Amino acid sequence: MNKALSIILLIIIPVNMIAQQQPEVFQTLSFGSIKPTGWLKEQMQKDINGFVGNLDLLVPELINDPIYGESRLQKNSKAKDLGNLKAGDVAGDEQYKWWNSETQSNWWDGYMRNVFLLDDKNGIEKVNHYVASILATQDEDGYIGIYDVELRYKFNSENGELWSKASLYRGLLAYYEFTHDEKVFKAVTRAVENVMQNYPIHASSPFSSGTSFNGGVSHGLTFTDVLERMYFHTQDEKYRQYALFLYQDFSNTYQSEADVQLKNILNPTYKLKSHGVHTFEHIRALIIAAYTDSNMEIDNALKTYLDRIKQATTLSGGAIGDEWIAERHSDATHTGYEYCSLQELLDSYCLLFQKTGNAETGDLIENTFYNAAQGSRNPQHSCIAYLKTDNSYEMLGSKNGEIEPDRKQTRYKYSPAHQDVAVCCNPNAGRISPYFIQNSWMKENEKTLVATLLMPNIVETTLNGTKISIENITHYPYENSFTFKIQLEKNMPLTLKIRKPIWVQNILTSEKYTIENDFIVINRTFMTSDEIQLSFSTDVVVKVDPNGAHYFSYGALLYAKPILAEEIAGKVYGNEFTDFTYKPQDISKYAFAKKHKSVYKNGIIKTQLINLKRNKKETVELIPFGKTILRQTTF
Ligand SMILES: [Zn+2]
């Protein structure tokens, strides 16, 4: 090597190696450190007694297909009959081969997290059997997946190699975090190693799959979720570097769902157009890439992408997912959101919150959970809407009565399974509560614990080796007062931070506190049994979306005018479960009145709106959006 070159290398290499990664503000806790209490626990218990706990009985042929075991896909495998209607299906048959892996793994992921958090002994027993049966499928070389030896890692078209693994390994890692079963962690470590060997970093192209629809390949970018969690457990940089490589390879190959590709983000005229769920789950890969690679271009790309996502999201947190974004901006009546897109957006914002510590992201997370997601559940029966809109004037299958020329739309209804479309949303509806809860407390350092999201829950962890437990006793978001009951091994000084939601007008507490970046900071010596009392005052706020539509809110909740509806029972599953559609009985619509004199009292907003049929101002009662079926939300 000539001397000049070696000097240049000496300069370049160290600079490269010490390039500053962005510091991460918070650390998440292991799954299981935070458990639900109060109304949230009750709702999860209902889910476990309902569609979340019984999905394997509703669609047994999907859940019991041994796709990771004796029925791994081979050269001659045929697309599976999933019992759905395929009219207007743009994606083709190939995806139906891997689809059961998503259904199963996402369902088990949600199911196991629920039964662990609820301490449901029978459910836990069932999960133990499931995990043992999955581990038994692991090959000598570490492979856990859905393809036989001949096919695996050798694709030039649509496939589910990484996606079937991402969805499965996420659950296995949660299982390990809860049970500390090292056998499971070892199995996942070997399985991830098998991927990294067969798709070597910078010397392979896992996302090359031709130039046709490749939704499964594209979902595979969420393998970065697994790598991020492996990094959490090991602090081994190789996992992040591999995640960055996956994002780069994804960016540089043909993708049918291409919103997150770096070149598209950097193109100022590009508009989001992909399948919504992909667009929102891919935020996480971009976040991980930005925090692994210290270059401005990718940091700016993340900012741009998040701005674009906001434009595709309604004020309820409903991110367009009906199902392609198709260059639209969100609209309270005309853009529907898929339940899957809510879970994926929420999960992505949780990762963002952990990295940035930005309190406003906490508001976005709570908004999606407490409004869009609660508002897509059926308040009376155990079922959810696959697609929903903020203004929901009918739920008879189609979007507020719109006719779609190329297919019979059936997603705008409530179902415990939605098998006629795809069993994707119901498994994700089982995942959303545990993921929301898992991100509700984070550590800032060994002296500081942060209540990042507000809800009834109890956290148990250690600070500097000392055990601490804090129960947040509250009816939030239906009331805005909190008692934090603190138990410590010994009296000790520590810092508690509580996120101050954006809508708070006054903080009422006898504690001494400071405000730091929208966190309430309480710094004192706590006794072994201690308590903090806190409440927030607020008022009715009228928010206006970019289309000029007015939304009423109070605290974290949106309020809507419920529309009286006739409930129509549809398909029946066994004795307990039924699909439901809803036909409006009163079609009066209301318009916003400038002088609306809104008052909040006991969970209701009383306001004045103009009845358009009578052209007359009337006093109207609005209730929480999350407790409605048919509703007018914007005026
Ligand atoms: Zn879905």
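Reader: Let's start with the strands: how many bridges join β8 to strand β9?

Author: Seven bridges join β8 to β9 (residues 466-473), and the two run antiparallel. Before we go on, this is a predicted model, where local features need pLDDT of at least 70, side-chain atom pairs count only at pLDDT 80 or more, and totals for chains, interfaces and linings use all residues. Residues are numbered from 1 along each chain as its sequence is written.

Reader: What counts as a strand, and what counts as a pair?

Author: Strands are DSSP runs of E with at least two residues, helices are runs of H or I with at least four, and both are numbered from the N terminus. Two strands pair if DSSP finds at least two bridges between them. Now follow N457: in β9, its bridge partner is N472. On β8, N457 also stands opposite P36.

Reader: Which residue takes a positive phi in the hairpin of β8 and β9?

Author: General idea first: most residues other than glycine have a negative phi, and most peptide bonds are trans. In this hairpin, with two residues between the strands, N464 takes a positive phi near 50°, although N464 is not a glycine.

Reader: Is N464 buried or exposed?

Author: The rule is to count other C-beta atoms within 10 Å of a residue's own, with C-beta atoms placed from the backbone: 20 or more is buried, 12 or fewer is exposed, and in between is partly exposed. N464 has 10 of them, so N464 is exposed.

Reader: Which other residue has a positive phi although it is not a glycine?

Author: Look at Y153, with a phi of about 60°. Y153 is found in the loop between α6 (121-135) and α7 (161-179). With 18 C-beta neighbours inside 10 Å, Y153 counts as partly exposed.

Reader: And where are cis peptide bonds?

Author: One joins Y476 and P477, with omega about 5°. P477 sits in the loop between β9 and β10 (481-488). Another runs from D322 to E323, where omega is near -5°. E323 lies in the loop between α14 (296-311) and β2 (337-338).

Reader: Which strands does β14 pair with?

Author: Strand β14 (residues 519-526) pairs with strand β11 (residues 492-499) in the antiparallel sense over eight bridges. Within that pairing, T495 stands opposite N523. Strand β13 (residues 514-516) pairs with β14 too, antiparallel over three bridges, and T514 has V521 as its bridge partner. β13 and β14 form a hairpin with two residues between them, and N517 in the turn has a positive phi of about 50°.

Reader: Why is α13 called largely enclosed?

Author: Because 17 of its 17 residues are buried, α13 is largely enclosed by the rest of the structure.

Reader: Which residues have the most contacts inside the largest nonpolar core?

Author: In soluble globular proteins, nonpolar side chains tend to be buried together. A nonpolar core is a set of buried Ala, Val, Leu, Ile, Met, Phe, Trp, Tyr and Cys residues joined through C-beta atoms within 7 Å. Here the largest has 163 residues, and A243, L286 and L346 have the most contacts inside it.

Reader: What does L286 touch?

Author: Two residues are in contact if their C-beta atoms, placed from the backbone, lie within 7 Å. Leaving aside neighbours within four places in sequence, L286 is in contact with Y247, V260, A301, L302 and Y305. A301 is also touched by L262, as is S251, not counting residues up to four places away from L262 in sequence.

Reader: How is the chain divided into domains?

Author: Domain bounds come from an automatic or database domain assignment. The domains are domain 1 (59-254), domain 2 (442-537) and domain 3 (540-632). The C-alpha centres of domain 1 and domain 2 lie 37 Å apart.

Reader: What does the chain average in pLDDT?

Author: pLDDT is the predictor's confidence in each residue, from 0 to 100. The chain averages 94, and 96% of the residues score at least 70. Over residues 1-18, though, pLDDT stays under 50.
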